[in-house]
Each structure stands twice: as C-alpha cells, then as structure tokens.
Amino acid sequence: MSNEQADKEILHNAEVISGMYENWFLEYASYVILERAVPAMEDGLKPVQRRILHAMKEMDDGRFNKVANIIGQSMQYHPHGDASIGEAIVNLGQKDLLIETQGNWGDARTGDGAAASRYIEARLSKFALEVVFNPDTTEWQLSYDGRKKEPVTLPVKFPLLLAQGVEGIAVGLATKIMPHNFIELIEASVDILKGKEASVFPDFMTGGQIDVSAYNGGQRGGKVRIRAHIEELDKKTLVIRDVPYGVTTEQLKESIVKAGESGKIKIKKPDKGTQAVEDNTAAEVEILVHLAPGTSPDITIDALYAFTDCEVSVSPNACVIVEDKPHFLTVNEILRVSTANTKELLRRELEIRKAELLERLLYASLEKIFIENRIYRKIEECETWEDVILTIDKGLKPFKKQFYREITTDDIVRLTEIKIKRISRYDGFKADELMKRLTEELAETEDNLANLTRYAIGYFKDLLKKYGKGRERKTEIRSFNTIAATQVAAANQKLYVNRKDGFIGSGLKKDENTEYIGDCSDIDDIVVFRRDGKCQVSRIQDKVFVGKDIIHAAVFRKNDERMVYNMSYVDGKTGICYVKRFQITAVTRDREYDLAGKNPGSKVLYFSANPNAEAETVSVSLTPASKAKQKVFDFDFATIDVKGREAIGNMLTKYPVKKVLFKSAGTSTMGGLDIWYDEIIGRLNTDKRGRYLGNFDGEDRILVIYHTGEYELTNYEFTNRYEPKDIAVIGKFNPEKVISAVHFDGGSAHFYAKRFRIDRTTVDKKFSFISEGKNSRLVVVTTALQPQVEITTKKGREEETATYDLDVITEVRGWKALGHKLPGEKITRVKLLASRIDADVEWKMNGKSKEKDDKDEGDEKGGQLGIF
C-alpha cells in the first residue's frame with residue numbers, strides 16, 4: 001500500500017469515527033435529558049420517580065414495605081443501579097406528599113442521611129392513591145427488557161411538579177423548580193378554572209423567609225432571596241429558628257464561625273467549655289449565636305444576613321419535557337398546563353364512567369325484558385345455537401328502540417348465561433331500584449361532563465378539604481429590600497438622572513451628564529418634574545426615558561402629605577406668571593400630569609421640593625422692557641395655600657418675568673417626627689405603614705410591653721426590631737400613663753392585679769413587672785383609664801362570673817409590686833372588658849391571645865397590638 005493510499009484510509013477512518021462520536025454524543029445527551037434528569041410536563045415526575053411509584057402501586061396492600069424490597073421491585077423497570085433508586089425513594093419520602101414513611105428517613109434541615117434501605121419502610125399515601133393512579137387513563141409501554149409494562153406517564157390530577165419541586169442536571173441543560181405550597185397551588189388552580197389570573201411562589205418545608213420580587217416566574221434569570229428567622233434571645237445571644245432552603249444547620253454554623261473569624265461579625269470568642277455558635281437542633285432548629293460584649297443584636301442580625309448563609313440566593317430554572325423536547329416555561333404556565341391536564345383527565349374519567357353506566361343500564365334493561373317477558377321460555381324448543389340467538393333477538397326486537405346502541409350477539413350470549421336460579425328469584429322491584437340509581441348516577445355524570453369546569457373546581461376543593469390540613473405556608477413572603485434600606489448603610493439601588501437627555505434609572509452610564517440623586521429600593525416609584533411643567537411617576541428601572549430638561553427627580557412616596565412643592569411658571573398662552581403650592585399624594589403610573597396649565601409653551605421658572613412643607617422666599621426679576629415700575633420684588637410662598645396639583649395657582653405678575661431665584665429659607669410647619677410601627681416586618685417607619693405611634697422629638701422613648709411580662713424603653717431608631725408575635729403593647733412612652741395588668745404568680749398559684757407607672761430611668765434593657773417564679777405569666781395588660789375585667793371562677797361543677805374595676809380594687813404602686821390578690825380560688829378565665837381605652841389585649845388562660853378594640857370619639861382604634 002502506498003503512502004498516499006494509507007493517508008486516505010486514515011482520513012476516512014477519522015471521519016467515520018468523528019461521525020460516530022457525534023451521533024453517540026447526541027444520543028447520550030438526548031437519553032440523559034429525556035430518561036434521567038428532566039421531569040415530564042404531564043405528571044411532573046422523572047422516570048425513576050415514576051417507576052418507583054408504579055412499583056409501589058403494584059406492591060400496595062395497605063401495609064408498609066421495606067424500602068429494600070421496593071428498590072428490588074423498581075429495578076424491573078429502571079435499568080440503573082439500586083443506589084440511584086434508593087436515593088430517589090428517600091427524596092420522595094422526605095417531601096411528605098406521595099409516600100408515608102416509617103423509620104429513620106434522615107433530616108433535610110441537618111443534612112443527616114436516611115438509615116439503610118433494609119431498616120426503613122414506606123407505602124403510598126392516601127393522597128397518592130387518589131390523585132396519581134388510574135389504569136384506565138394511563139398510557140402504557142414495555143419496560144426496558146420487554147418483560148413488563150410500565151406507564152409512559154402517570155395520570156396525575158394535581159400540579160405535582162410545582163408541589164414537590166425538582167432539580168436535575170442533564171447534558172447541556174439543567175432544571176431547578178422550587179417547591180410551592182400545597183394549599184396555594186389548589187387555590188390557584190381554582191382561580192385559573194374560574195378564568196382569573198393566578199401566581200404562586202415557593203414554599204419550603206424548612207420554613208424561613210423569602211423575597212420573591214425577582215422570582216421572574218421561576219424562569220432563567222430570576223432569583224429568590226431566602227433568609228432564616230433570627231430572634232434576640234437576650235442582649236448577648238441570638239437564636240436562629242430555621243434554615244434557608246438548601247442549607248443545613250452544619251453549613252450555617254460553619255458560615256457564622258467563618259464570618260466571625262474574618263471579623264465581618266462580632267461574636268464571642270470560644271474558650272474552654274463554650275462555643276461562639278451552638279447547634280442545639282433536635283425536633284426544631286435552634287442555633288445559638290453568642291455575641292461579643294458591647295455588640296448590638298440588631299446590627300449583628302443584619303451582619304448575619306449580609307455575610308453568612310443566614311441569607312442565600314437561589315436561581316430557578318423551570319425546564320420540563322413537553323412532547324419529548326425540553327421547554328423552558330414559567331411556573332404559572334406550568335400551573336395552567338397542569339390545571340388543563342387535570343381537567344382533561346377528569347373528563348376522560350367521566351367519559352369512562354358514563355360508558356360503564358350506560359352498559360350497566362343496558363344490560364339491566366335487557367335482563368329485565370328477557371325475564372319479565374319470559375323470552376327464556378321461547379328458546380326451550382330451539383334445536384340449534386343459531387335458533388336460540390335468533391329467537392332471543394326476535395323477542396327483544398320490540399324494545400330495541402329504547403337502547404342507546406345496537407344489540408349485539410355478545411349481549412344475547414350474555415343473556416343465555418343467566419342461571420335458572422337467578423331467573424326464579426328475580427325481583428322486578430329491586431331491578432327497577434337499581435336502574436333508577438344507575439339512571440340518577442348517569443344523569444349526574446352527564447351533568448358533570450356538561451359542566452366540566454364546575455366539576456373540576458369541586459374536585460380541587462375536595463382535595464383541599466381532605467388533604468390541606470397541616471399544609472399551611474411555612475415560608476414567610478416578605479420584602480427584604482425595604483428592611484435593608486433602613487438597616488444597611490449601603491443602598492439597595494442608587495438612582496441617577498441625565499437631566500439633559502431625559503433619562504433616569506439605576507443603571508445609567510456614569511459620565512459628565514449623569515447626576516446621582518440618592519438611594520432607593522428596586523420597588524420604588526420615581527417622580528420627575530420637567531421644565532415644560534409636566535410631571536410623571538414611573539417605576540424605577542435600569543434606564544427609562546421620561547422626557548428632556550428634567551428640573552427635579554426623587555423617590556415618590558404615595559400619600560405623603562408632608563411633601564409640598566413650590567412652583568412658579570409662565571403660562572404659554574397669556575404670558576402671565578403664576579405661583580402655586582401643591583401636593584402629589586396619588587397618581588397613575590407613567591401618566592403625564594400638567595402642572596403649568598394645558599397651554600403649549602408654558603415654562604417653569606422656579607421649583608422646590610419641601611419634605612416638611614417649608615415655604616421659602618424668592619426674588620422675582622422682571623424683564624428690563626416691562627412697563628412695571630418695580631422690576632425686582634420678593635415673594636413669600638407662605639402667603640398662599642397648598643392646593644391640588646392641577647390648580648392654576650395665584651397670579652404673581654402680569655408682566656414678563658426674567659427670572660425667579662431663591663432668596664431665603666422658610667420655617668418648617670412640621671413639629672417632630674410622626675412614626676408608625678409596621679406590625680408585618682416589626683420595624684418603625686415614617687411612611688404610614690402599620691400603626692401610628694405618635695410624634696417623636698428629642699429624648700422621647702418607645703414603650704414596649706411583651707407577652708412575657710416584661711417592658712422595655714427604647715429609642716426610636718429605625719434599626720430597632722420589634723417582633724410582632726412577642727409584643728402585647730407598643731407606643732410612645734408617657735411617664736404619667738398608668739399600666740394595668742393581671743398576672744399569675746407561680747409561687748403562690750394566685751392571680752394578682754396591679755397598676756403602676758413606668759420608671760423613666762429604666763432604659764435600654766427589659767424589666768420584668770411580674771413575679772419570677774416558675775409558671776408565672778402575664779394574663780391581661782391594658783392602658784385603659786378605667787379598666788374592667790370579667791373573672792370566671794369554678795365552684796364544683798358550676799361557674800360564676802363577676803366584674804371588677806381594676807382602678808377600684810387596687811391602687812397605683814411601683815412597677816416591682818406584686819399587686820392585689822384577685823378574689824376567688826379557682827379562677828378559670830380572666831377577660832378584659834370594653835372600656836375607655838386606646839387598645840386592649842386579652843389573653844386566654846391557655847396562652848392564646850385575642851385582641852379587643854374599643855374606640856371613643858377622637859381616639860385611635862387599636863388592632864393586633866396595644867397602641868397608646
């Protein structure tokens with residue numbers, strides 16, 4: 001063979017091998033995507049999960065089976081090792097939806113693995129048996145070795161994929177769908193069936209908090225931020241009660257220790273016998289973080305979120321198999337498809353049931369005619385089988401019109417198989433009752449088919465009723481950005497404006513035309529004022545065009561009545577100069593508003609934004625050619641009233657104006673700072689979110705009374721945290737205000753009433769105003785002027801109720817006093833009655849709270865918390 005021929009053969013072989021590798025890679029990639037990593041749209045299951053459930057259904061007898069046996073049964077359908085099957089079973093079991101478990105199945109919170117498969121057991125849950133399986137509506141295929149049949153997909157009548165979530169890495173793509181709340185999925189499916197828009201958000205068994213502002217429907221490019229709940233156990237200790245999704249307690253502990261070692265957070269240095277971070281997790285998560293001396297708990301909580309795994313970001317990537325191809329969808333689209341699929345499966349089940357009922361009704365009618373008309377006697381003289389069939393068919397001929405289909409030979413043969421014993425004992429009345437029931441059920445089935453949407457809604461509501469208990473949302477949805485803006489020095493978003501070109505946003509290119517305005521959150525609205533007298537409010541974006549020649553831009557605070565704008569403008573038609581003061585409390589986003597009239601050519605000469613309604617003085621200069629004698633004069637904005645944004649304003653001058661310039665600042669008409677308490681996030685604010693606490697200035701303090709029977713005087717810094725579930729009363733501290741309380745003394749086992757004033761010197765820590773004995777607890781606390789309580793006592797089998805005025809039976813003493821013993825030995829209930837109060841909180845004896853609100857004319861009505 002020549003060298004040339006050898007080279008050609010080598011090239012040929014290389015091309016063949018290259019083509020083989022190309023084909024093999026594509027085949028392998030397709031196999032991994034379709035058969036291993038990515039779930040099917042129809043049932044939301046990966047192949048291994050589907051085969052496990054099918055195997056468990058075959059084994060199902062109502063009792064638990066060893067997981068090792070389930071693995072063996074599943075291997076008849078799944079052509080891979082027992083390890084992958086065992087891992088998939090444990091994963092399904094830990095999700096607590098389709099599989100009931102018995103034994104040590106591990107803990108996703110701590111990262112502990114399950115026991116060996118021979119030691120743990122499982123069976124299908126009642127929910128799985130009702131929702132997942134139906135052989136009549138299942139499409140079947142041969143297993144990998146051709147010996148058995150397995151489902152192509154299971155007829156799941158529920159958005160299982162979104163309820164369980166899924167993660168998978170294939171060749172060239174991956175999928176990550178987070179679990180969602182069982183109850184919310186059903187409610188959203190019902191809304192979709194009703195033609196409404198529905199959105200769902202992740203919910204994790206590990207609890208925690210989640211910010212879904214950037215969720216993006218679960219698609220690529222979106223993300224969610226997940227936080228653990230962190231509480232202040234005392235001034236020196238923080239306690240973490242849960243872990244973010246995908247983080248174990250060990251990982252969380254290590255991240256805190258690492259952050260402490262790097263100096264990012266200040267925690268206690270470990271010494272002999274003690275640790276800075278203690279993991280006491282058992283039935284519930286409990287991680288204690290011991291702080292360094294002098295460290296602020298509130299600041300440390302923020303640092304934990306910033307520098308440790310107490311907060312993590314997770315990027316979803318919803319990819320599913322649709323018609324043998326991977327598709328990227330939103331979770332809302334998946335939910336709509338799943339709801340439609342459930343509705344179609346219900347229709348098929350109803351059609352099957354209708355056909356069954358029609359056949360049963362047909363045969364019952366045939367049997368009745370055959371016996372009551374004694375057709376069976378006419379076949380006694382028939383000599384051949386064909387004669388028997390013809391004779392029966394002839395006897396049925398007068399009745400054939402009443403049947404929904406033609407009578408076949410198989411129907412007649414079935415009649416010949418009726419035994420004489422049945423014929424002799426035939427009861428026409430019972431037959432009529434059976435046919436009546438079948439007819440009623442058929443009518444109901446046909447009605448359900450005709451009103452399929454109503455039937456599907458009823459199906460989902462029935463699922464919710466039967467299986468929804470105990471599946472309430474565990475992960476709290478809240479906005480982290482709003483909290484971060486008041487706690488962290490670094491801003492969430494930085495707002496820039498290009499006044500000349502008319503652009504505004506957080507992603508503007510930094511150049512000579514770009515001006516930094518200030519910080520804002522990514523959910524804020526931005527208000528823009530232009531030289532032509534136009535005003536517009538838009539949602540903050542990276543970059544948005546709002547019109548050229550911007551004179552003012554800022555974060556828009558809806559319903560902020562303290563912000564007053566002072567403006568002077570020239571009307572484009574008349575040339576008259578006007579001045580006005582106005583507020584903008586509510587707008588339609590992206591709509592332009594005319595502040596300088598509707599005449600074209602109007603122009604703003606002067607503009608100022610005043611957060612405290614300041615009214616400055618300006619200097620007005622007229623043009624040299626004007627006929628006015630006085631060409632320069634001052635104007636004080638305090639001389640005009642604040643009106644609506646569309647008001648024309650007051651005429652400043654009819655002469656042409658050259659310029660209007662600021663001359664001197666005016667005084668603020670606002671005194672102190674109005675503060676509200678947001679009971680959702682437990683933070684103070686000035687944005688009128690939550691409960692109004694009062695107007696604060698200087699050394700004013702906030703009084704907080706806790707359910708534990710402690711009180712605390714704090715400053716009104718916005719970094720303070722006040723957990724709503726811990727608080728009985730919160731409000732502005734008034735040293736003359738009398739606190740009335742009823743508490744149970746664990747040492748003497750008696751109830752005491754006390755009235756006291758808070759000592760203004762007891763600041764910066766919690767003070768207990770009830771006894772410190774074991775089982776001591778606070779029962780009732782109020783700021784009422786004349787509080788009344790209803791006391792229920794038990795004498796024998798009877799209960800007696802009496803009403804007492806706390807201001808009568810006990811006098812005002814020091815906050816450390818035990819108080820006056822309440823009458824009665826066996827007190828079963830203490831109830832706070834309506835009185836002249838701002839707000840009251842009643843505590844039942846079982847520890848659960850019940851809010852009670854009363855209002856006099858001019859009083860602020862209370863709510864979940866006591867408000868002064």
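Helices (H or I, at least four residues) and strands (E, at least two) are DSSP runs, numbered from the N terminus. The structure is a predicted model, in which local features need pLDDT of at least 70 and side-chain atom pairs count only at pLDDT 80 or more, while totals for chains, interfaces and linings use all residues. Residues are numbered from 1 along each chain as its sequence is written, and side-chain values use heavy atoms, with hydrogens and water left out.

We begin with the backbone. Most residues other than glycine have a negative phi. N775 is not a glycine, yet its phi is positive, near 75°. This residue sits in the loop that runs between β42 (766-768) and β43 (777-782). N775 counts as exposed because its relative accessibility is 56%; exposed means over 50% relative accessible area, buried under 20%, and partly exposed in between (1.4 Å probe, protein chains only).

R374 is another residue that is not a glycine but has a positive phi, here about 50°. Its place is the loop between α10 (331-372) and α11 (375-378). With a relative accessibility of 44%, R374 counts as partly exposed.

The next topic is charged side chains. Side chains of opposite charge can pair when their charged atoms come close. A salt bridge is counted where a side-chain nitrogen of Lys or Arg lies within 4 Å of a carboxyl oxygen of Asp or Glu. By this rule there are 43 salt bridges.

One of them joins E311 and R225, whose closest N and O atoms are 2.8 Å apart. E311 belongs to strand β14 (residues 311-314) and R225 to strand β9 (residues 224-227), so the pair ties together parts that are 86 residues apart in sequence. E311 is buried, its relative accessible area being 16%.

How many residues apart in helix α10 are R347 and E351? They are four residues apart, and therefore separated by about one helical turn. Their side chains meet in a salt bridge, with 3.7 Å from N to O. R347 counts as partly exposed at 29% relative accessibility, and E351 also counts as partly exposed, at 35%.

A further salt bridge is formed by the side chains of K795 and E800, at 3.8 Å from N to O. K795 is exposed, with a relative accessible area of 56%, whereas E800 is partly exposed, with 41%.
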